[in-house]
Amino acid sequence: MENIMKTRIFLFSLLSALLFPSCNGFLDLEPEAALSPEQYLTTEENIGAYATDLYTMLPKHERSTWGYWRTDADTDDMVAPNPSDKYAPGYWRVEQTGGSYSFTDIYRCNYFLNFVMPLYEAGEITGNASNIRHYIGEVYFFRAWAYFEKLKALGDFPIVEKPVADDLAQLTAASKRSPRNEVARFILADLDRAIEYMSDTPPTGGTNRLADDCAHLMKSRVALYEGTWEKYFKGTAFVPNGPQWPGAAKDYNQGYQFPSGSIDGEISFFLKTAMDEAKIVADKYQLTTNTGVFQKSADDAQNPYFDMFGAVDMSQYPEILLWRDYSVSLGIYNSVGEWEASSNNGYGITKSMVDAFVMSNGLPIYNTVSGYPGDADLLTITENRDSRAEIFIKKPGDLNLHSNGGPNAYQVEPWPKITSAGSQKYITGYAIRKGLNFDGAMASDNSSETGLIIFRAAEAYLNYIEACYENTGGLDGDAQRYWKAIRDRARVGDYQTTIDNTNVAKEAETDWGAYSAGQLVDPTLYNIRRERRCELMAEGFRAADIRRWRSMDQLIDEPYHVLGVNLWEELADNADFLAANSGGLRQGENVSPENFGVYLAPYHIMSNNRVYNGYSWRMAHYLDPIAVQHFLITGDGNVDASPLYQNPGWPVQAGLGAQN
């Protein structure tokens with residue numbers, strides 16, 4: 001079986017090519033198959049291979065990029081080489097075709113479940129019964145994963161559990177959008193099925209393959225997302241039965257009643273579920289040890305917490321529940337290493353992200369007795385800070401690699417090249433090394449085998465803390481215990497010290513998480529969000545978090561400038577820095593003008609940049625628009641006859657932006 005069932009989740013099954021040549025149409029109609037289902041979905045090995053193919057849905061490090069580490073871009077945490085249209089109202093427009101409204105991955109799961117489940121229940125699949133159940137559970141998990149992606153992008157969405165025939169009436173009926181809370185409940189139900197069928201140890205692959213605890217953690221993620229979304233968007237068109245909710249205009253949604261009786265009941269249901277599921281994982285897995293020290297040479301003691309994120313073999317870390325493996329010998333590799341040891345591929349964390357890390361004594365940096373040395377000197381900016389800042393934020397002169405890397409990698413971290421072009425540009429002046437592997441071979445051109453964490457237990461700790469406070473207004477014993485564990489691992493003083501000394505208005509100057517619905521949150525909730533931000537930096541959570549918290553309303557009236565290093569106070573006169581930027585600092589050409597402020601503003605350099613005057617927002621941007629094509633198909637050419645409805649604030653006309 002080992003020769004047929006590859007144990008590493010990066011391997012692609014041939015089923016993809018055989019069964020799904022091109023599935024981009026409406027509801028992704030059944031493709032032509034080179035093999036009939038009777039020939040391939042009746043054995044343990046083949047249903048296992050089918051499930052393996054679905055792992056392509058999970059996050060991955062793409063080649064020739066900084067990989068998954070760049071997914072916090074276009075938030076207040078990280079800056080991309082080019083700004084997103086989402087922060088330039090009028091630039092993000094309804095598309096004629098494409099967009100987020102698709103069923104490709106959902107169809108792949110439905111095709112399997114609708115054929116395999118009757119055979120399984122009839123006992124007609126040959127092989128090890130436990131393994132068969134596990135693979136079935138994986139497919140339920142992947143359908144939940146696919147639906148969660150739709151929930152985040154679109155909110156209300158059709159719940160389709162069966163492949164739909166190429167018949168307009170059936171396609172139209174299947175396109176009725178279910179209220180978002182029903183979609184979330186459907187996702188949780190699929191994850192319950194995944195937990196029921198999957199084992200705590202997969203048949204092959206170890207932590208390269210899903211186990212039931214991954215589904216528990218995913219349940220907490222989904223429930224926390226939906227519970228907080230409904231809490232902060234309550235009373236708006238973005239939740240079922242809210243004023244001007246577009247779903248109310250459709251007869252199939254008229255008179256809708258919440259399963260729990262009210263939106264408050266739904267919020268409580270989801271937050272309580274998030275707590276219950278997070279606790280299962282948090283109580284089972286200990287956090288990886290952190291020495292609090294960045295390993296400065298090959299002879300120094302290793303730091304397991306730092307090494308965990310850039311490891312080639314991540315199976316040695318119990319905190320990691322699931323990870324993606326890479327192998328140059330098998331032709332599956334990434335480019336993460338070379339960009340970790342250089343410019344982060346033209347991406348950069350922000351001043352806001354750096355400022356979020358408190359001092360090791362627990363005091364925010366603006367506290368007058370915190371001991372903060374200031375940010376004018378890049379060499380001392382993380383001294384006596386939260387150890388996550390010290391070990392993950394690069395400083396000039398740090399040893400990136402213990403052996404030579406490729407042409408794009410620096411063995412010794414240089415002074416930031418903020419005037420460089422393209423991928424070599426340190427766009428904010430800041431770069432991070434979360435995910436760095438010290439082996440120079442991992443930093444050669446497209447030769448990195450560093451893995452990618454998909455699920456780790458620390459998220460469960462954070463999910464429980466937040467869900468508990470959002471649901472009860474306080475922190476129970478478990479929440480306090482989990483928060484202490486996170487803080488102890490980060491080698492930071494007591495979280496209560498931070499709470500007691502937090503000025504949320506001061507934090508709100510740069511941190512969007514200080515807001516919900518345009519209002520400042522209380523110091524405890526803010527610091528729960530801060531903890532999540534610092535622990536999960538660059539791991540792809542920030543965009544979803546600031547949306548579910550409704551943390552961009554303030555940008556509607558007050559544009560926001562993303563900022564980087566303190567450029568004009570000392571750095572611009574530093575000889576080593578100027579040597580690294582040998583072309584010179586040209587205000588309004590390659591750096592932002594000094595009269596705009598002492599901090600580098602990467603998008604306020606050239607006046608033709610669409611966010612030159614800052615990030616702006618429209619309420620509609622919390623959800624994606626649905627492309628016009630889907631209204632035309634389901635309305636038989638008449639968009640008004642379609643059972644679909646557009647998301648709040650978006651028109652049903654291609655080429656137009658959202659209403660204000």
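Trainee: Does R550 count as buried or exposed?
Mentor: The model is predicted: local features need pLDDT of at least 70 and side-chain atom pairs count only at pLDDT 80 or more, while totals for chains, interfaces and linings use all residues. Residues are numbered from 1 along each chain as its sequence is written, and side-chain values use heavy atoms, leaving out hydrogens and water. Buried means under 20% relative accessible area, exposed over 50%, and partly exposed in between (1.4 Å probe, protein chains only). With a relative accessibility of 13%, R550 counts as buried.

Trainee: What is the phi of R550?
Mentor: R550 sits in the loop between α19 (542-548) and α20 (575-580); helices (H or I, at least four residues) and strands (E, at least two) are DSSP runs numbered from the N terminus. R550 is a residue other than glycine, yet its phi is positive, near 55°.

Trainee: N344 is not a glycine; what is its phi?
Mentor: N344 belongs to the loop between α11 (336-340) and β3 (348-349). N344 is buried, at a relative accessible area of 0%. Its phi is positive, at about 60°.

Trainee: Which side chain does D213 join in a polar contact?
Mentor: D213 is placed in helix α8 (residues 212-233) and is buried, with a relative accessible area of 6%. Leaving aside residues up to four places away in sequence, D213 touches I280, V281, K284, Y285 and L321, where contact means heavy atoms within 4.5 Å. A polar contact is a pair of N or O atoms within 3.5 Å; within protein, one must be able to donate a hydrogen and the other to accept it, and residues adjacent in sequence count only if both atoms are side-chain atoms. At 2.7 Å, the side chain of D213 has such a contact with that of K284.

Trainee: Is α3 roughly parallel or antiparallel to α4?
Mentor: Axes are lines fitted to C-alpha atoms, for helices over the stretch in contact, and angles run from 0 to 180 degrees between N-to-C directions. Angles under 35 degrees count as roughly parallel, over 145 as roughly antiparallel, 65 to 115 as roughly perpendicular and the rest as oblique. The axes of α3 (residues 44-53) and α4 (residues 104-121) come within 11 Å and cross at roughly 160°. That makes α3, relative to α4, roughly antiparallel.

Trainee: How many charged residues are in the contact of α3 with α4?
Mentor: From α3, I47, Y50 and D53 meet R108, Y111, F112 and V116 of α4. Ala, Val, Leu, Ile, Met, Phe, Trp, Tyr, Cys and Pro count as nonpolar, Asp, Glu, Lys and Arg as charged, and the others, Gly among them, as polar. The contact of α3 with α4 has 5 nonpolar and no polar residues, and the number charged is 2.

Trainee: At what angle do α15 and α18 pack?
Mentor: In α15 (residues 477-490) and α18 (residues 523-535), the axes lie 12 Å apart. W483, I486, R487 and R489 of α15 meet T524, N527, I528, E531 and E535 of α18. This contact has 3 nonpolar, 2 polar and 4 charged residues. The packing angle is about 45°.

Trainee: How is α7 oriented to α9?
Mentor: The axes of α7 (residues 180-197) and α9 (residues 263-282) come within 12 Å and cross at roughly 25°. That makes the orientation of α7 to α9 roughly parallel.
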